[in-house]
Amino acid sequence: MTDTRTITVVTAGLSQPSSTRLLADRLAQAVVARLGSVDNAADGVSAEVHVVELRDLAQDITNNLLTGFAAPKLAAAIERLTASDGVIFVTPIFTTSYSGLFKSFIDVLDPDALSGMPVLLAATGGTERHSLALEYAMRPLFTSLHAVVAPTTVYAASGDWGSTGDVAAYAGGGGLPERIDRAAGELAALVRDSDRSSRVRDPFALPAGFSPVGSFGAQ
Amino acid sequence: MSQMQFGIFTVSDITEDPTTGRTLSEAEKIQDTLTIAQHAEEVGLDVFALGEHHNPPFWSSSPTTTLGYLAAKTTTLQLTTSTTLITTNDPVKIAEDFAMLQHLAGGRVDLMLGRGNTGPVYPWFGQDIREGIPLAIEHYALLHRLWREDVVDWQGQFRTPLQGFTSTPRPLDGVAPFVWHGSIRSPEIAEQAAYYGDGFFANNIFWPAEHYQRLIGYYRQRFEHYGHGTANQAIVGLGGQVFMRPNSQDAVDEFRPYFDNAPVYGHGPSLEDFTAQTPLTVGSPQQVIDRYAGMRDLFGDYQRQLFLMDHAGLPLKTVLEQLDILGCEVVPVLRKELAVNRPQETPDAPTHESLVAAAREADAAALAESGSESELAEVK
């Protein structure tokens, strides 16, 4: 295992600048800070962060749905994501769920691409009333892809950007900065133990036990 | 035949012509395809490959019937498939149908095996798509034996067992039709083709070259691993797609509505992006020559190049004009250019004649060996 981890941030915000990207950057910074944390200097690791703005890939993602292949820019983003030690996924919540662009991106990934991948889930929305979309829509999506989902998810409503972060203001456990910090700590712990980015990938690895004649050829 | 084979393949789609809104009837489209196949021979192409489908808008459910007719109407054309469904067809029926076709066509027959990509075809034929790879592996293991062993006892997972079964007619001259395994992404199929020393056809027309460089490279390496020759001697076929006019802008203008509305990639990437990312070439004959003369730099010297010419609602007249340009202007130049610096060890495209010659040579070698053994025995 090397001393550097690779983290990919996937953000599905549509406006520029977007509060989704803002949340994504805050989360990434917090994870990087936790990885290099001082409470045990010997274990500190550095991290390389790659940001994937889905808006920039929107055309390629649609084309991939239609043709079955990823154009070069999208293919490179997917390859880097697959070889990361952890991924932060941030989507706006549209009509009670992740955005269509976000889901389309997930749909063009190989079904095994996120298997065992440490992920942190986050979302933005106009009102706190949709915060549970992270639990009933986002989490099951990544569970079904066999990702390792950090227990804390982070939802930022418009009002959060004006909050003080005062714990007392939130019955459920802290303001936005605290929630970001707790989630970052959980992802950092998973990323620290990951060796995904240093693994050698064989795209032609045959399934275990595969025989070109099957079990019936040698009769 | 030549070192390399050039030909056309069709999936047998009946698609509306987007420029006229007219859709041909099955009867019209079937007759058109017969005309196109015969014209392929007239313009000097080597191969006609016909797809197999079991749902509209495709008409070709029974390729050997169609190819049997074409066998009688042609004299040099190699007849093959693109593809024959090894998953949902009974391998016994494939063995019988293609051996029969081989006799009718005087050996001008090979076949390309594929798994099929239409989900419901599996349940319609009593199979499960999740078993696609195991079906392809087991069915071919049986097919391979049926053509090589006169009497077969066999038991497998997917079809009823056989005791004392002889597939008739026996293959022409005792030599099985050459088999290409078609795959767009599965290393298992590349491995299977390499194991048997069969051909590997990468239908690369919808995806970028890098993917197929890796897949074909893998097949070549495994071909060598299994002892059939060097990696350069593996038998490789490629797909292609072109539309040509003397003036390249005319080609682009004429083809664009067909591209934009094509069933597979229509309403997706632009013609320009798709042309850059896949082998589709729309332009002058010289542009097509330049692009396809460069394929061996990507994939190594290869044996078969098939072009998709008849699809997406292109009218018969246009397709025949395209074949004229392909056969008369493009392929003769490609034959010359691809023969230059083709390594001596690169095998020619397999034909019935070359397979019969190889079989006779192997028999003679075996006989000589057993002869020298008995001589030795006498000396002792």
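The crossing of H5(B) and H6(B) is right-handed, where a crossing counts as left-handed if the near helix is turned anticlockwise from the far one by less than a right angle, and as right-handed if clockwise. This is a predicted model, in which local features need pLDDT of at least 70 and side-chain atom pairs count only at pLDDT 80 or more, while totals for chains, interfaces and linings use all residues. Residues are numbered from 1 along each chain as its sequence is written, and chains are lettered from A and ligands numbered from 1 in the order in which they are written.

Helix H5 covers residues 132-148 of chain B and helix H6 covers residues 187-196 of chain B, and the two pack at an angle of about 15° with their axes 11 Å apart. Axes here are lines fitted to C-alpha atoms, for helices over the stretch in contact, and angles run from 0 to 180 degrees between N-to-C directions. H5(B) and H6(B) are therefore roughly parallel to each other, since angles under 35 degrees count as roughly parallel, over 145 as roughly antiparallel, 65 to 115 as roughly perpendicular and the rest as oblique. From H5(B), the contact takes Ile133(B), Ala136(B), Ile137(B), Tyr140(B) and His144(B), and from H6(B) it takes Glu188(B), Ile189(B), Gln192(B) and Tyr196(B); two residues are in contact if their C-beta atoms, placed from the backbone, lie within 7 Å. By class this contact has 6 nonpolar, 2 polar and 1 charged residues, with Ala, Val, Leu, Ile, Met, Phe, Trp, Tyr, Cys and Pro counted as nonpolar, Asp, Glu, Lys and Arg as charged, and the others, Gly among them, as polar.

H5(B) also packs with helix H3 (residues 91-104) of chain B, at an angle of about 40° and with the axes 9 Å apart, so H3(B) and H5(B) are oblique to each other. H3(B) passes H5(B) in a right-handed crossing, and the residues that make the contact include Pro91(B), Val92(B) and Ile94(B) of H3(B) and Leu142(B), Leu143(B) and Trp147(B) of H5(B). This contact of H3(B) with H5(B) has 9 nonpolar, 1 polar and no charged residues.

A further pair is formed by helix H1 (residues 26-42) and helix H12 (residues 316-339) of chain B, which pack at an angle of about 10° with their axes 10 Å apart. H1(B) and H12(B) are therefore roughly parallel to each other, and their crossing is right-handed. Asp32(B), Thr35(B), Ile36(B), His39(B) and Ala40(B) in H1(B) meet Leu316(B), Val319(B), Leu320(B) and Leu323(B) in H12(B), and the residues of this contact divide into 6 nonpolar, 2 polar and 1 charged.

Turning to the whole chain, chain B has 13 helices and 12 strands, which are DSSP runs numbered from the N terminus, helices being H or I of at least four residues and strands E of at least two. Along its principal axes the C-alpha trace of chain B spans about 80 × 50 × 40 Å.

The domain assignment of chain B gives domain 1 (5-349) and domain 2 (351-380), with bounds that come from an automatic or database domain assignment. Taken over C-alpha atoms, the centres of these two domains of chain B are separated by 35 Å, and 9 residues of domain 1 are in contact with 6 residues of domain 2.

Finally, the contact between the chains takes 17 residues from chain A and 22 residues from chain B. The side of chain A that touches chain B divides into 10 nonpolar, 7 polar and no charged residues.
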